[in-house]
Amino acid sequence: MIRGKAWNYGDDVNTDFILPGIYLELTDPDEMGRHAMEGIDPEFAENVQQGDVVIGGRNFGLGSSREHAPIALKHSGVSAVIAEGFARIFYRNATNLGLPALECLHVSKEVETGDTVEVDLAKGKIVVNGEKELDFVPVPEFMMEILEDGGLREYIKKNRDKW
Amino acid sequence: MSTVAEKILASHGDLDEVHPGEIVKAEIDFAFMPALTAALAFYAMYDMDIEKVWDRDKVTILLDHIAPATNVTNASLHKECREIAKEQNLRHFYDINVGVCHQVIPEKGHVYPGMLMVGADSHTCTHGAFGAFATGIGSTDMGAAIGTGKLWFKVPETVRVNVEGRLSPSVMSKDVILKTAKELGADGATYCSLEFTGSTIRDMSVGARMTLCNMAIELGGKTGIVEPDDKTIRFLEGRVKHGYTPVYSDGDAVYRETLEIDSDALEPQVACPHAVDNVKPVTEVAGKAVNQVFIGSCTNGRLEDLQAAAEMMRGKRIHPDVRVIATPASYEVYDAANSQGIIKTLMDAGAVVCNPSCSVCFGGNHGILAPGEVSLSTSNRNFRGRQGSTESYVYLCSPATAAASAVTGVITDPREA
């Protein structure tokens, strides 16, 4: 079960917001995590707690192919990103790292920063503050298999013959 | 009844035909990585229990975003990339003396029509200008691609951008793609292939087509595509050392939508802060004072771009309140621009000419903006903070508009310069 506090950054959260270009030279995931969201909220990395959930509106993760962006989120403690829509490369990168990227209509209007969010991946449900229920778009089966394995690294190790 | 993108994915997935939405496992023809994403890709490959790349001739690393190294951290990353290239015995490796990946990959003959290419950089879509299916991926996908030679793809729908007519003097392909961004929006082509057709595209140079395809990602696109023609073949002559089979869209191919652009009527365009689709005709933003002008990047750092800038600056001095950074996209471009006197023209006007690299574009190399400063840039992204301070402002435009504005100190319509 994914459970944590929500951080809502609205529409068009680009990869420069999630991890600015000056940090692309980093290779240590934990160090990337210490700069997560620095381009839009320099306080985020200090205050985020393990399990917290980042919320966005349309086109979350637009911009660069830098996997540093979802790596930084994951290693800052974020357990899922829920947005109304995702840019293609970010979506794949997050899934490949085992970080769920979930599409949910109107989520950026329904959830406020500080709300408690619970996600039930199997049921396709998000519960806000223990009361309001939202449905997210079912994760495609193939992507779900990757998520269940914890990411593409483990998936390929397990499924090398059918890859 | 297939598009170029569908045909390439079908042939590389060993299928007769594919349809949008299908997942295809496809064989990769070539994979490249800039230093900033290369180490992460190799870590991913090793974590998959794969020790060696699937084909040492088909994988390369380029040290381009930051070049030469600017601190110990990125110097160490460069060192690690050089060591990986040696350990993996990669046939091709491009150190800091070659140029920006998206310029170098075609120059060195790695791109050809009908191929399937992946790059660990979002602007890999540039290579669709040669009739290839080329798409940007992250480092874990790249680890899988270089380790196994295969990757899965969701077959994209295709959006056609049909451009008819003749561009006015000082209106460039950059203006066409900025106009496209305005019309479709920054997520208007998410998961789609963007196919550029029409008489204006046929009249364009290969370099101008690269500018169009380069920015497909700014609309969410998976790739940009221009069907190959005689110009494509001529560019590749002497570079690609083997045969290839160009593919073309069928007359009855299905497009999600077609955007029509009339290039006769097209004005120079400017993308205003802080979104690539916040585009206005130059006449609406003319007069805005700028501090820094950047001419370069994988979008507009080619010979014809430097030439267009030099035309505007010949015999003139840049405005005293403006600094100009001009960065050729590759050493081949640099050398040609030097031979043709373009570099001297830019320098005589007061421009700083830098060695080929990603330069100012991504805010991690040099030319960083201070709070409150305004940049007019020929690159591809103007997100808040992209080129430095989160309190700075980036406007995107063509090399002609950038250079005309460098002289006056304010955003200027190049048709009046």
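Mentor: The account below begins at the contact between the chains and then turns to each chain.

This is a predicted model, in which local features need pLDDT of at least 70 and side-chain atom pairs count only at pLDDT 80 or more, whereas totals for chains, interfaces and linings use all residues. Residues are numbered from 1 along each chain as its sequence is written, while chains are lettered from A and ligands numbered from 1 in the order in which they are written.

Where the chains meet, 33 residues of chain A are in contact with 41 residues of chain B; contact requires that the C-beta atoms of two residues, placed from the backbone, lie within 7 Å. On the chain B side, the elements that give two or more residues are helix H2 (35-47), helix H3 (72-87) and helix H5 (139-148). Helices (H or I, at least four residues) and strands (E, at least two) are DSSP runs, numbered from the N terminus. H2(B) supplies the largest share of this side, 6 residues. Sorted by class, the side of chain B that touches chain A holds 16 nonpolar, 16 polar and 9 charged residues. Here Ala, Val, Leu, Ile, Met, Phe, Trp, Tyr, Cys and Pro count as nonpolar, Asp, Glu, Lys and Arg as charged, and the others, Gly among them, as polar.

The axes of H2(B) and H3(B) are 9 Å apart, and the packing angle is about 55°; axes are lines fitted to C-alpha atoms, for helices over the stretch in contact, and angles run from 0 to 180 degrees between N-to-C directions. H2(B) is therefore oblique to H3(B), since angles under 35 degrees count as roughly parallel, over 145 as roughly antiparallel, 65 to 115 as roughly perpendicular and the rest as oblique. From H2(B), the contact uses B:Ala35, B:Ala38, B:Ala39 and B:Phe42, and from H3(B) it uses B:Leu77, B:His78, B:Glu80, B:Cys81 and B:Ile84. This contact has 7 nonpolar, 1 polar and 1 charged residues.

Chain B as a whole is divided into domain 1 (4-261) and domain 2 (270-416), with bounds that come from an automatic or database domain assignment. Taken over C-alpha atoms, the centres of the two domains of chain B are separated by 24 Å. Between these domains, 34 residues of domain 1 are in contact with 34 residues of domain 2. H6(B) gives the most to the domain 1 side, with 6 residues.

Strand E1 (residues 2-8) and strand E5 (residues 116-120) of chain A pair in the antiparallel sense over 4 bridges. Among the bridge partners, A:Gly4 has A:Val117 and A:Arg3 has A:Glu118. With strand E2 (residues 53-56) of chain A, E1(A) pairs in the parallel sense over 3 bridges, and there A:Trp7 stands opposite A:Val54.

Note on methods: Pairing = 2+ DSSP bridges.
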